[in-house]
Structure formats: C-alpha cells, structure tokens
Amino acid sequence: MAAISVRDVAASAGVSVGTVSNVLNRPDKVSPSTVERVQAAISQLGFVRNDAARQLRAGRSRSIGLVVLDVANPFFTDVARGAEDRAAEDGLTVLLGNSDENPGRQSAYLDLFEEQRVHGVLISPLGDVGDRLSRLRARGTPTVLVDREIADRSFSSVAVDDVAGGYLAVSHLAAIGRTRIAFVGGPHSIRQVVDRLEGARKAVAEHPGVVLETIDTDSLSVLQGRSVGEKLLARPAGERPDAVFAANDLLAMGVLQALNMLGDVRVPRDIALIGYDDIAFASAAVVPLSSIRQPSALIGYTAVDLLLREAEGGEDFEHEQIQFQPELIVRASTAG
C-alpha cells in the first residue's frame, strides 16, 4: 500500500497542498476551521509527515552529531545527557557516535554526519583532526570541540583544564606523604592524557623528593587498569610505587580490582590511588575512589549551546573557548 501523501490529505480536506503545508508548519496563518478540517483528514487517512525529506529540503536536519572517545566511559554518557537536554530545548535530537579511540571510526562518523546534513557536530577528537574539521566547517557544518581545546583557537571548544587537574591529583598525593608516584594512562594520541600527565609533572617539580614514573596503556579501560595492577603486584615490594594517579576512573578501578583480588597490597595503606572524571561508580567502589571531578553534564549542555550560537552567527561568529576548572574529591583511596 502506497504511503499517504500531502496531496492525498489536501484532496480529502478539499484544500490546496499549500494549505496543508501551512497547517503542518505555520498553523497560525490558517483559519481555525481549516486547520480542524485538515487535521481531521490527517487523522482519518493516517498521514505521517516525512520529516527527513522536509529537513533535507530545508538544507539541514534537526539533529546534532556527537562523537565521543568511548561510550563505555560513564563520563561521556553524562556529557551526552547534558547535550541532549540542551538540544531538546530547541527541538533538536543528538546522534551519538562512538569512535572507541579508533581514528578510522572517528572519520567514518564525521563522514556519516556530513552526509546526513546534521545541524552541527560536537566531537571529543582523537589525534590531530584540525584539517578534517576545517573542511567540514567550510562546507557549512559548524563544529565544537568537547573536552578538548586547540592551541590556535580556530575552533570553539568546551573543556576542563586538564593540566590543572593533573596538578591537583599529584599535589594531593605528595601532600599525604607519597613520594613514588606512577601515572597510568594512554594512548598519548588522546590530548587529555597528555595534559593530565603534564600537570602531574608540574606538581612533582614543586615537591623535592617526589618521583614520577609513567605506565602507558593502550586504552582508558578497566581491563587495562587491571593489567597494570597485576604488573605492579608482580614487582618486589620495594619497587612498587606508593601511589597511582590514573588518567581516568575506569583505569583506577581496574587497578583497584587487581590490588584487591590478587594480592595483599592494601589501598591506601600501601598504594594510594586517585582517578579522574569522578564518575558515579567512583564513590561506590569497594574502596571509595578519590578523583578529579569534571562537570560532565554541564560540558555537554554548554557545548550544544555554543554550537547553536555558532550556527546562528555563521562566518562572523568569534570562536569561544570555554574552560571549566576541575575539583579534587578526596575519598578513602587516598585517606588514612
């Protein structure tokens, strides 16, 4: 059975196709009696408007594309929730793409969102994608960086000062008397990892007697953290760090699992542990996890707000870099 068209509705209601279009899109321009007649025809025929076709004719869809590094990380789930809340205020929806820390998947999502003519793109980028995003913007798709800044300020961005966050974490560890600190994180193609490590090194430089080793990981996952924890346990006791700063909470929770399950090392007695993001699970861990808090939902909300302003301003819009400050949250994993 063929789909019911606007023309079918017009014929049933005894009005023009233009009048049906006005009822659907500008009902204030049509008399109440005509609106009632057209709506009755729509209901009787079971007409469903084709929003996709309408949006393509208008040039842009009513969707925003959001590309995140890892949808399994609750931080990005919260970012997406904040983005959805702001988008809904303007009748927009958010399409979520998970790059999974894979440059090929990241590129594929950017291609897909451009093909779908999204209203704009939010992205927490992996690696250097400045040229790719510049081409996207030049073809009319505004773009805002999420949880990341760019040095030349050529894109609007919403982020947290991750250098400050790394500094807070290691300064806290030094303040509680820890001197052999391990930074766990990777890959270094993720700018946030690099910035958090830079902040850690700044803190170490201000505390004589404190040393920092780096332990690289292939991803920011619980499994990678558990692997690191197992390797730490395999070391002689005197060669283990007395504190770990993990680049995110998932890594920290993996380290904590390994230490709890596979050895007699106690947190924080033997190894103090701090993560980053302050996801909901951090406070519910078997040893509640100290962390560096980011306002994740606010980041997503603000990013959409900035994207909409950039879309409205066009080429004359002056790019904005909005930066929030992180907060140290102390729990049992570094207390006592």
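Predicted model: local features only at pLDDT ≥ 70, side-chain atom pairs only at ≥ 80, totals over all residues.
Within it, strand E8 (residues 243-246) and strand E9 (residues 272-277) are joined in the parallel sense over three bridges, and Phe245 has Ile274 in E9 as its bridge partner.

Another open sheet of six strands is arranged in the order E2-E1-E3-E4-E5-E11, and here the pairing is parallel. Because strand E2 (93-98) and strand E11 (321-324) stand at the edges with a single partner strand each, one side of each is left without a neighbour in the sheet. The twist from one strand to the next averages 15°. Strand E4 (residues 143-146) pairs with strand E5 (residues 156-160) in the parallel sense, over three bridges, and Val146 is placed opposite Val158 in E5. Helix H6 (residues 103-115) lies across strand E1 (63-68), E2 and strand E3 (120-123), and runs at about 155° to E2.

Helix packing was examined for one pair. Two packed helices are described by the angle between their axes and the distance between the axes. For helix H1 (residues 6-13) and helix H3 (residues 32-45), the axes come within 9 Å and cross at roughly 120°. Since angles of 65 to 115 degrees count as roughly perpendicular and those over 145 as roughly antiparallel, H1 is therefore oblique to H3. The crossing of these two helices, H1 and H3, is right-handed. On the side of H1 the contact is made by Asp8, Val9, Ser12 and Ala13, and on the side of H3 by Arg37, Val38, Ala41, Ile42, Gln44 and Leu45. Sorted by class, the residues in the contact of H1 with H3 are six nonpolar, two polar and two charged.

For the protein as a whole, the secondary structure amounts to twelve helices and twelve strands. The radius of gyration is 26 Å, well over the 20 Å that the globule rule gives for 336 residues, so the protein is more spread out than a compact globule. Taken along the principal axes, the C-alpha atoms fill a box of roughly 90 × 40 × 30 Å.

Terms used. Residues numbered from 1 in each chain as written. Heavy atoms only, no water. Pairing = 2+ DSSP bridges. Helix = DSSP H or I, 4+ residues; strand = E, 2+ residues; numbered from the N terminus. Axes fitted to C-alpha atoms, helices over the stretch in contact; angles between N-to-C directions. Contact = heavy atoms within 4.5 Å. Parallel < 35°, antiparallel > 145°, perpendicular 65-115°, else oblique. Left-handed = near helix turned anticlockwise from the far one by under 90°. Nonpolar A, V, L, I, M, F, W, Y, C, P; charged D, E, K, R; others polar. Rg over C-alpha atoms; globule rule 2.2 N^0.38 Å.
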